[in-house]
Amino acid sequence: MSRIKTFNLPDLGEGLTEGEILAWLVKVGDVIELNQPIVEVETAKAAVEIPAKWAGQVQSIFQPEGATVEVGAPIIAIDTDPGAGPIEESTTGAPASDLPTPSAASLAAVEIAPEEGMVEPGLIGGAAPGGRTAVLVGYGPRTTAAKRRPRKGSVPAQATAAPAAPAPAPAAPVPAAPAVNGNGRAGGPVLAKPPVRKLAKDLGVDLAVLTGSGPLGSITREDVQRAASGSPAAAEPLTVAAPATVAASFGADREQRIPIKGVRKLTAENMSRSAFTAPHVTEFLTVDVTRAMKALDRLRERREWRDVRVSPLLLVAKAVLLAVKRHPMVNSTWAGDEIVVKEYVNLGIAAATERGLIVPNIKDAGRLSLRELADAMTDLVQTAKAGKTSPADMSGGTLTITNVGVFGVDTGTPILPPGESAILAFGAVREQPWVHKGKVKARLVTTLGLSFDHRIIDGELGSKFLRDIGDFLADPEAALLAWT
Amino acid sequence: MAKGDPGAAARSRRAAPRSKRAAAAGEPELVQLLTPEGERIESALGPDGTEYRVDFTDEEYRGLYRDLVLVRKLDAEATALQRQGELGLWASLLGQEAAQVGSGRALRPQDMAFPTYREHGVLYCRGIDPIMPLGLFRGVDQGGWDPNEFKFNMYTIVIGAQTLHATGYAMGVAMDGKTGGDDGEAVIAYFGDGATSQGDVNESFVWASVFNAPLVFFCQNNQYAISEPLERQTRVPLYRRAGGFGFPGVRVDGNDVLASYAVTRHALDNARHGQGPSLIEAYTYRMGAHTTSDDPTRYRIASEVEAWQAKDPIARMKAFLTKQQIADESFFAEVDEQARTESVHLRERVLAMPNPEPVTMFDHVYPNGSSELDEQRAQFSKYMESFEGSAH
């Protein structure tokens, strides 16, 4: 066993996923005893001192004070036999002592390498606005790769995702926040008596999307029954479980009970929290994108872009990033007693995956060239589809795009990821009759839906932001010339 | 470890001069035999006039001190192991050692104890390997010890539930005719101040009282039900509640191992002689967190913790042993070294605990098995075998 031992942040309180380093009580080079307090860590539950697991000499400290660290990430390396002389290159792969980063040996011993960006506040498993750790109840979803052994004779994940394999059905779960239909309630909990809630649960009706006809807008038994018998499409949330499981497992009662867990549960928690915390406003803009689609075609023809995946979403992302530069306030977080405006844009892209909806983000996307942005988006999608998106990829998002258009719908009223103030839904691009130069012509048209947090963004700002995105998409070349 | 018998001492009523004290100043009803400064009080009166005293040999005094130190050290080691990710959770007994060692040593071999999840000190006194509860909190077994062998029930996580189990058990003891003499059996139920607000505990009081069960209710009042302070649990001192149910109650200084021993011994002897239940309120303080998932600084002020620090059960025992020249520095050093060695040994054994085979979860559900469970076990084994590298 190696004499350098790396200590990973443990789960300090029954189901926590992260902790914040409050203070280091030792420094590199210190000789420490077993159980000597080495670091103060604050979790959602308590601030605690962690005692040293081994006696020895502190070799490296991987996380600075103030960092939010995922459970399981290395925080300190201890040389358990400092008297044995200098550490050989071969064991550590780096000069002994005072290493700013983990040694190769210590990294080899751990699952997750620490990386920058891991510490940023954000949506999934990240810190909540205001620097407090998000409240966690029970066991959060393990977004790191599970160490489970593969099943005998099982097909690797990539193979099932490959186009050659006949997929049981197209896209599995839908990305994008489920649209809340107009129930006239801007926020606050759903009012319904317990028996009505029970009925809704039994009938599979989501109370949050119903309009109550009872006193104080409460939802009545009749409302639920109407929703259950009436148009299910309206009441049904956009997201459903993977089709493979839907088809197979109806019981004798012709009903299926799907346990709420994992990504589904997390999505539900995030969406409920956001929907009833941030006052959402949604605006729509329909844009003629014929010129933009032609510009994309010309881009694809360029030699240096030949191998690059160029999609309309790329242009939308560019439009959002440029519009943010003109209206930085939209890229902000409501932190309770202050508004945190960010210069960097960690651009979230909602993605439908086998596991459900995930929203990885492209770090500091505002600094990327169009080509870099295209590569980053391709990368992000491939990582997500392979189920390899890490918690760091998903934390720290500042503004999100949800591409519901790929499912053939015109637009939606997306719900903000917690901690973000704006989210854009990009609908399908279709040929539609459109007045162009005084005549009705068949043009490529799309509808954008922008939801924003009215605590931060008023109608004027939201409208200008959306308008700018629309202007860019209507004529990207002119907008580029005018804005940059 | 043999201990002095306060019952016998009280019966002999030696004519030695003694300073009788009902209680310490400011807390008129607290039975105390050793002050926080380490001053020995010869005897103390309970609220019903019972005179409490202990008569230990020097060896026995040193034994109690050793118990206190070992129990605290092993507990601290478990807390450290949790912080290092080796245990899922730990409920520390820090500050409550005297109440647990005093009452635990007062038990006779035939007596049965029903603990909460914090009775590590009583468990130690019952002769159970301190590794046992660590398997539970590491998640590799369900507890591990045989309650019948050690006369110590499994840890009960549900607040107050064990008082009902203890009452039923004690009623059974009475029905079996095992009370009525010095060799009679007594039962002790441990719980905390928070549990006194539970229906279970109050129901236990009623049943134990009307059936004259040979049961001692031992309440460690550590002042907090997690974050809820005592004044949100009761308007009267807890021990006085016993009167309303029809049995005696007494408050003892729970940081005084001698008084805790004397009061528990007396109550157990009453029970074993067929005189029914009684309630002991061991007045103490939880110096640490409720569990490792709790942060007491969010609901307790530092000065309160400091005030209780001055009443530390081990410090007062050490001061007493030193003043009376019952023990010297070499003894204290030897005990510390033993504690250190045992805690290191405990740590090593915890780290070496094997993870259970998943299929063993079916093993102890029914004493004689069940065909349905056998089927589930077979299905589960097959499922586990479907993984690559399966040893099955």
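In what order do the 4 strands of the open sheet in chain A lie? Here are a few notes on that and on other parts of the model.

1. This is a predicted model, in which local features need pLDDT of at least 70 and side-chain atom pairs count only at pLDDT 80 or more, while totals for chains, interfaces and linings use all residues. Residues are numbered from 1 along each chain as its sequence is written, with chains lettered from A and ligands numbered from 1 in the order in which they are written.

2. The order in the chain A sheet is 1-8-6-3, with antiparallel pairing. (Strands are DSSP runs of E with at least two residues, and helices runs of H or I with at least four, numbered from the N terminus; two strands pair if DSSP finds at least two bridges between them.) Strand 1 (4-8) and strand 3 (31-32) of chain A are the edge strands, each pairing on one side only.

3. Strand 3 of chain A joins strand 6 (residues 56-61) of chain A through 2 bridges, in the antiparallel sense. I32(A) has G56(A) in strand 6 as its bridge partner.

4. Over in chain B, helix 5 (residues 131-138) and helix 13 (residues 329-351) have axes that come within 11 Å and cross at roughly 40°. (Axes are lines fitted to C-alpha atoms, for helices over the stretch in contact, and angles run from 0 to 180 degrees between N-to-C directions.) Helix 5 and helix 13 of chain B are therefore oblique to each other; angles under 35 degrees count as roughly parallel, over 145 as roughly antiparallel, 65 to 115 as roughly perpendicular and the rest as oblique.
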